[in-house]
Amino acid sequence: MKKLAQLQLEHFQQMEQLELQYYSADYITPSQESYNWYHFRPDSIVAIEADNRVVAFMNLLPVKRHVYEQIVAGRFNDSLMTTADIEDFKQPPDCAYYFLSCVVVADTYRKSAALPTMLHHYLGVLDSVAKSGIRIHSIVMEAVTAAGNRFAKRLGMRLLGESNHDSHVYECDYATFKRHVLVRYPLPDAPLKQTKKTDSHAADDPQ
């Protein structure tokens, strides 16, 4: 199992198929559009591969303030998001608004290092943004499953309410997000490897 350094369209097609195992198609961004996001902001998507297949991925994107406000109000379905909704930082804003739009881990890899690896990847991204002088306002997330709601709470997020498309909207500041990732999802000492699923509920089940 490894974190992919470079993503191609075929990886996004695999991500789309992986999402379909857990989410309704109404919540899934077409693979080509997700690939467009990646070209626009390469640090916005991280993926883990095993046996030449994507087995986990996560999207954390800086979105424009008006988009963030729509998400918080429950009026934005990210399956329709385009690059026009993403902040490009060419003219660095004073404040960045982040949207954790998707996190998926295949069943067999729920107890592996996949999720901690992706979360710590984003701690590095956010730390670089903060060090550049851009203030990170907060991070928002939508959960569409019971496991997604549990995941948001593990990240220290507070429930804001329900959206107009049957999801739950959560939010926290960066300090809270970072603290909970470090405590709840520490990086293992061993390299990335597959751990077989057990009968117990996976602590790192983000779907």
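I started at F177: leaving aside neighbours within four places in sequence, F177 is in contact (heavy atoms within 4.5 Å) with L100, L119, L123, L126, I139, L155 and C172.

Housekeeping: this is a predicted model, where local features need pLDDT of at least 70 and side-chain atom pairs pLDDT 80 or more, while totals for chains, interfaces and linings use all residues. Numbering runs from 1 along each chain as its sequence is written, and side-chain values use heavy atoms, with hydrogens and water left out.

Next I looked up the core. L100 and F177 touch the most other members of the largest nonpolar core, which has 68 residues. Strand 4 gives the most to this core, ten residues. A nonpolar core here is a set of buried Ala, Val, Leu, Ile, Met, Phe, Trp, Tyr and Cys residues joined through side-chain atoms within 4.5 Å; buried means under 20% relative accessible area with a 1.4 Å probe, protein chains only. Helices (H or I, at least four residues) and strands (E, at least two) are DSSP runs numbered from the N terminus.

Then helix 5, residues 146-154. I find A147, G148, N149, F151, A152 and R154 buried there. Their cover includes strand 4 (95-105), helix 4 (114-131), strand 5 (135-143), strand 7 (168-172) and helix 6 (174-184). After helix 5 comes G156, with a positive phi near 80 degrees.

Last, H120, which sits in helix 4. Is H120 buried or exposed? Buried, with a relative accessible area of 19%. Not counting residues up to four places away in sequence, H120 touches V181, L182, Y185, P186 and L187.

Terms used
Buried < 20%, exposed > 50% of the residue type's maximum accessible area, 1.4 Å probe, protein only.
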